[in-house]
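Please keep the sequence and the three-dimensional view at hand while reading.

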Amino acid sequence: MCTILTESDFDQVESWIGTGPKTFNLLYSITRDGCDTSVFHQKCDNQGPTLTVLYNKEGSVYGGYTGLSLESGAGNRNDNSAFLYQLYYSGLNTPKKYSVKIGQAAICSAPHLGPLFGSNTAYDVLTFHSIVQKSSSGEYNLNGDMQTYFGRNYDTAGISSKEFNNGHIRVTELEVYAVKDVKRKTPALPTPWRKTAEFGTKMLGCLKEEVKGIQPPEGLDVPHFNILLLGPLGSGKSSFCNLVASLTPYTFGDTVSLQLYDTRGVAETDTLDLLQCNFILDGHVPDFYEMSPTHLLKCDDAEFRHQAALKNKIHCAVFVLDGLIVGDMSKSMLQKLLSYRDLLNRKGIPQAALITKIDKLCEQSAENISNTFLSPAVKDLVYNVADLLNLPRNSILPVKNYEEEMESDENINILALLAVRQILFFAEDYLENMKDKQSRSRGNANSGQAHSDVRGSDTA
Ligand SMILES: Nc1nc2c(ncn2[C@@H]2O[C@H](COP(=O)(O)OP(=O)(O)OP(=O)(O)O)[C@@H](O)[C@H]2O)c(=O)[nH]1
Ligand SMILES: [Mg+2]
């Protein structure tokens with residue numbers, strides 16, 4: 001359904017009016033201002049030529065134009081420039097203009113009438129009178145008439161009103177635009193669906209500095225953030241590790257502030273081993289330990305780290321999902337990922353999701369990765385994954401890993417650093433919470449001590 005006229009719709013109307021470039025300023029909208037003739041006249045009278053546009057649920061868009069200024073007490077008036085039109089019929093672009101018949105009344109204005117094309121006794125299009133309330137279906141069941149006299153004053157080429165407005169006047173919107181003899185401004189660039197600074201060398205430099213500045217809180221004996229990557233087979237976990245490693249030397253300086261834990265991809269046929277995952281989360285698995293279904297860690301293995309400290313634990317878990325296939329993920333795979341989510345939630349570990357391969361997702365991002373936040377396809381996928389995994393949208397991070405590129409690419413690096421920054425924020429929050437908890441429990445222990453001292457002296 002079309003609810004907002006596009007630039008090409010305005011071009012079409014402009015060419016029908018036929019007197020050069022035009023600007024269309026919205027004066028009145030029933031969804032915004034209420035379907036009330038007193039408001040209509042207050043907003044639309046004495047504004048020069050106007051375009052009235054009606055929209056219905058079927059996706060039809062139609063209305064009328066008059067070159068005269070509306071005046072509530074003016075009654076019937078002739079206007080040879082007036083016309084009725086159709087832009088869309090049931091969602092299809094079907095531009096048609098129906099000019100006023102020479103010498104016939106083009107419009108009629110009265111205080112109790114909304115936009116009316118024709119005369120007060122023979123109205124081709126009478127939109128509404130008085131007040132119309134919005135119905136529970138969200139439509140406005142207009143109390144006008146566009147059937148009885150349809151084609152009386154306008155040359156409607158013999159079509160029935162049904163071919164004009166689907167045979168009813170229940171509309172989702174009615175707008176009136178002032179039409180001015182001014183060339184329209186070139187439309188602004190599309191708005192990004194996620195706000196970032198402008199991609200470029202400056203942004204890359206700022207991001208590197210910012211990411212370098214995110215460090216584990218002091219006093220916890222945690223030298224770096226531990227980030228676990230989880231996800232289906234071949235989703236791009238190792239590629240992301242390589243990408244971050246390629247950024248590491250110049251991004252993080254000598255003190256590397258994050259360690260990524262790459263894991264073996266989850267296969268459809270795998271049975272879920274939450275115990276092994278739990279060992280990793282709790283820091284019992286030694287660094288560089290290669291886990292596989294045939295090589296599982298057990299509590300009594302020599303390598304098992306019994307005394308795991310906060311610095312050995314995972315501080316944020318990241319699901320890595322292949323953007324090309326995540327939309328068709330099987331129920332069983334989703335269930336596995338949700339089981340991990342459940343475990344992580346119970347442990348209070350923050351989570352994010354990377355969507356990889358966005359370069360293959362749509363032409364816009366394939367052409368240039370800096371278009372990622374302008375691409376509707378990437379946006380839809382990000383929102384879809386947020387719903388699937390029940391994660392907030394700002395934790396779903398689109399990336400493109402290096403695949404066969406030989407040279408470093410500024411935009412790929414920016415996207416990766418945006419993702420790393422967000423992940424580090426989550427990990428930092430988690431560690432801050434841990435620090436609070438630690439100091440609270442130390443405080444409690446001390447006050448417990450003090451309390452027992454007092455009690456001791458009491459008893460004494
Ligand atoms: N075009 C493109 N290809 C990618 C991207 N990320 C990964 N790939 C390719 O996808 C394939 C799998 O990537 P890996 O990084 O090995 O995936 P993985 O998740 O580590 O796989 P497993 O460890 O087997 O689970 C490789 O051929 C990568 O080159 C990406 O963002 N874009
Ligand atoms: Mg891998």
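Which residue of β14 stands opposite Thr 50? The residue opposite Thr 50 in β14 is Ala 178.

This is a predicted model, in which local features need pLDDT of at least 70 and side-chain atom pairs count only at pLDDT 80 or more, while totals for chains, interfaces and linings use all residues. Residues are numbered from 1 along each chain as its sequence is written, and chains are lettered from A and ligands numbered from 1 in the order in which they are written.

**Overall layout**

The chain is divided into domain 1, residues 7–180, and domain 2, residues 201–442; such bounds come from an automatic or database domain assignment. A distance of 55 Å separates the C-alpha centres of the two domains. Helices (H or I, at least four residues) and strands (E, at least two) are DSSP runs, numbered from the N terminus.

**The six-stranded sheet**

Six strands form an open sheet in the order β1-β14-β3-β4-β6-β7, and their pairing is antiparallel. Two strands count as paired if DSSP finds at least two bridges between them. The edges are taken by β1 (23–29) and β7 (92–99), each with a single partner strand, so one side of each has no neighbour in the sheet. From one strand to the next, the twist averages 20 degrees.

Within this sheet, β3 (residues 50–55) pairs with β14 (residues 173–180) in the antiparallel sense over 6 bridges. Two helices pack on the sheet. Helix α1 (residues 7–17) touches β1, β3, β4 (61–66), β6 (83–89), β7 and β14, and its direction makes about 155 degrees with that of β6. Helix α3 (residues 37–44) touches β1, β3 and β14, and makes about 150 degrees with the direction of β1. For these angles, axes are lines fitted to C-alpha atoms, for helices over the stretch in contact, and the values run from 0 to 180 degrees between N-to-C directions. Contact between two residues requires their C-beta atoms, placed from the backbone, to lie within 7 Å.

Strands β6 and β7 run antiparallel and are joined by 6 bridges, with Ser 99 of β7 as the bridge partner of Phe 83. Their hairpin has 2 residues between the strands, and Ser 90 takes a positive phi near 45 degrees there. Lys 97 is placed in strand β7. Leaving aside neighbours within four places in sequence, Lys 97 is in contact with Trp 16, Phe 83 and Tyr 85. Gln 86 is 11 residues from Lys 97 along the chain, and their C-alpha atoms are separated by 6.6 Å.

**A further hairpin**

Strand β9 (residues 116–118) pairs with β10 in the antiparallel sense over 3 bridges, and a hairpin joins the two through 4 residues. The bridge partner of Phe 117 in β10 is Val 125.

**Selected residues and their exposure**

A residue is buried if 20 or more other C-beta atoms lie within 10 Å of its own, exposed if 12 or fewer, and partly exposed in between, with C-beta atoms placed from the backbone. The table applies this count.

| Residue | C-beta neighbours inside 10 Å | Class |
|---|---|---|
| Asn 46 | 9 neighbours | exposed |
| Ser 408 | 11 neighbours | exposed |
| Ser 130 | 13 neighbours | partly exposed |
| Lys 97 | 18 neighbours | partly exposed |

Asn 46 lies in the loop between α3 and β3, and its phi is near 60 degrees, a positive value in a residue other than glycine. Ser 130, in the loop between β10 (123–126) and β11 (131–132), has a positive phi near 55 degrees. Ser 408 belongs to the loop between β19 (396–398) and α11 (410–459). Ser 408 and Leu 243 are 165 residues apart in sequence, with 9.6 Å between their C-alpha atoms.

**Helix α7**

The buried residues of helix α7 (residues 274–281) are Cys 277, Phe 279, Ile 280 and Leu 281. These buried residues pack against β15 (225–230), β16 (258–261) and α8 (331–347). Just after α7, Gly 283 takes a positive phi of about 80 degrees.
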